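Student: Could we go through this structure together, starting with its charged pairs? I would like to see how to read them.

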Amino acid sequence: MIKELKVDENNKLFDKTNMFYKKFPSDQRQIRYFALVVVQKAPPEIQEINLLEQQISELLKNAVKHGNRNDPSKSVHVWFSFSETEARLIVEDEGDGFKDLEKWNEFNRQRVACLQARNFDELDNYVSYRTARSDEHDGGNALFAALEYWDEGMVYNEKCNAVAVGKKFAKKRLEV
């Protein structure tokens, strides 16, 4: 089954009960710092903390760059919670929303089909997802990785300017 970006603001991933909240300015230079502010609440039992920090950083970067268009007057709102077995985040920007979500899903379906069929000639057409608003650094690779990483899903609100994500972690066994 191919994973997809979905729109469902009633999804349980949008439940903000008992989540921490932070508001950050749209400042590309500080994204790694913002990600560290969030991930410091994660318990040490989460073994993938560097990967978790990277994935949080990518969500924040998307909100600042693509959502808020680097407009310093806009903010990024982040709700988050962590446990030994779960990470959940909601990242909301103040932009117009991800308008090409279904086009991106179709692009990803074609990309995955090429990978599964080992059709590398055709896969060349699905290396980078670009829109009229993309710059030379955009390619959708971070979003491909995020969709695989957040195994509880990546769900958007109706406006598509907020994404809720979740990841389950195996409970560490106590060594004797």
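Tutor: Let us begin with a salt bridge between Lys171 and Glu84, whose closest N and O atoms are 2.9 Å apart. Please keep in mind that this is a predicted model.

Student: Where do Lys171 and Glu84 lie in the chain?

Tutor: They belong to distant parts of the chain, 87 residues apart. Lys171 is in the segment after E6, while Glu84 is in the loop between E3 and E4.

Student: How many salt bridges does the count come to?

Tutor: The count comes to twelve salt bridges. One of them joins Asp27 to Arg29, with 3.0 Å between the closest N and O atoms. Asp27 counts as buried because its relative accessibility is 13%, whereas Arg29, at 75%, counts as exposed.

Student: What about Glu58, which residue does it form a salt bridge with?

Tutor: Glu58 forms a salt bridge with Lys61, and their closest N and O atoms are 3.5 Å apart. Both residues lie in helix H2, three residues apart, which is about one turn of the helix. Lys61 counts as partly exposed, at 32% relative accessibility.

Student: Which residues are linked in a network of salt bridges?

Tutor: Such a network links Glu4, Glu102, Glu106 and Arg109.

Student: Let us change topic to H3. How many residues does it have, and how far does it reach?

Tutor: H3 has 17 residues. From its first C-alpha to its last it reaches 24 Å, close to the 24 Å expected at 1.5 Å a residue. After H3 comes Arg118, whose phi is positive, near 55°.

Student: Which residues of H3 are buried, and what covers them?

Tutor: The buried residues of H3 are Leu101, Trp104, Asn105, Phe107, Asn108, Arg111, Val112 and Cys114. Their cover includes strand E1, helix H4, H5 and E5.

Student: At roughly what angle do the axes of H3 and H5 cross?

Tutor: The two axes cross at roughly 80° and come within 12 Å. That angle makes H3 roughly perpendicular to H5. On the H3 side the contact is made by Trp104, Phe107, Asn108 and Arg111, and on the H5 side by Leu143, Phe144 and Leu147.

Student: Now the nonpolar core, please. In the largest one, which residues touch the most other members?

Tutor: The largest nonpolar core has 42 residues, and those touching the most other members are Leu52, Phe82, Leu89, Trp150 and Met154. Several elements give two or more residues to this core, including helices H1, H2, H3 and H5 and strands E3, E4, E5 and E6. Another core, of eight residues, lies apart from it, and Met19, Ile90, Val155 and Ala162 are among its members.

Student: What is Trp150 in contact with?

Tutor: Leaving aside neighbours within four places in sequence, Trp150 is in contact with Leu52, Gln55, Leu59, Ala87, Leu89, Val165, Gly166 and Lys167.

Student: One last topic: what is the phi of Asn18, and what is that of Cys160?

Tutor: Asn18 has a positive phi of about 60° although it is not a glycine, and Cys160 has a positive phi near 65°. Most residues other than glycine have a negative phi. Asn18 is in the loop between E1 and strand E2, and Cys160 is in the loop between E5 and E6. Asn18 counts as exposed at 73% relative accessibility, whereas Cys160 counts as buried at 11%.

Methods
Residues are numbered from 1 along each chain as its sequence is written. This is a predicted model: local features need pLDDT of at least 70, side-chain atom pairs count only at pLDDT 80 or more; totals for chains, interfaces and linings use all residues. Side-chain values use heavy atoms; hydrogens and water are left out. A nonpolar core is a set of buried Ala, Val, Leu, Ile, Met, Phe, Trp, Tyr and Cys residues joined through side-chain atoms within 4.5 Å. Buried means under 20% relative accessible area, exposed over 50%, partly exposed in between (1.4 Å probe, protein chains only). Helices (H or I, at least four residues) and strands (E, at least two) are DSSP runs, numbered from the N terminus. Contact means heavy atoms within 4.5 Å. A salt bridge is a side-chain nitrogen of Lys or Arg within 4 Å of a carboxyl oxygen of Asp or Glu. The expected span of a helix is 1.5 Å times one less than its number of residues. Axes are lines fitted to C-alpha atoms, for helices over the stretch in contact, and angles run from 0 to 180 degrees between N-to-C directions. Angles under 35 degrees count as roughly parallel, over 145 as roughly antiparallel, 65 to 115 as roughly perpendicular and the rest as oblique.
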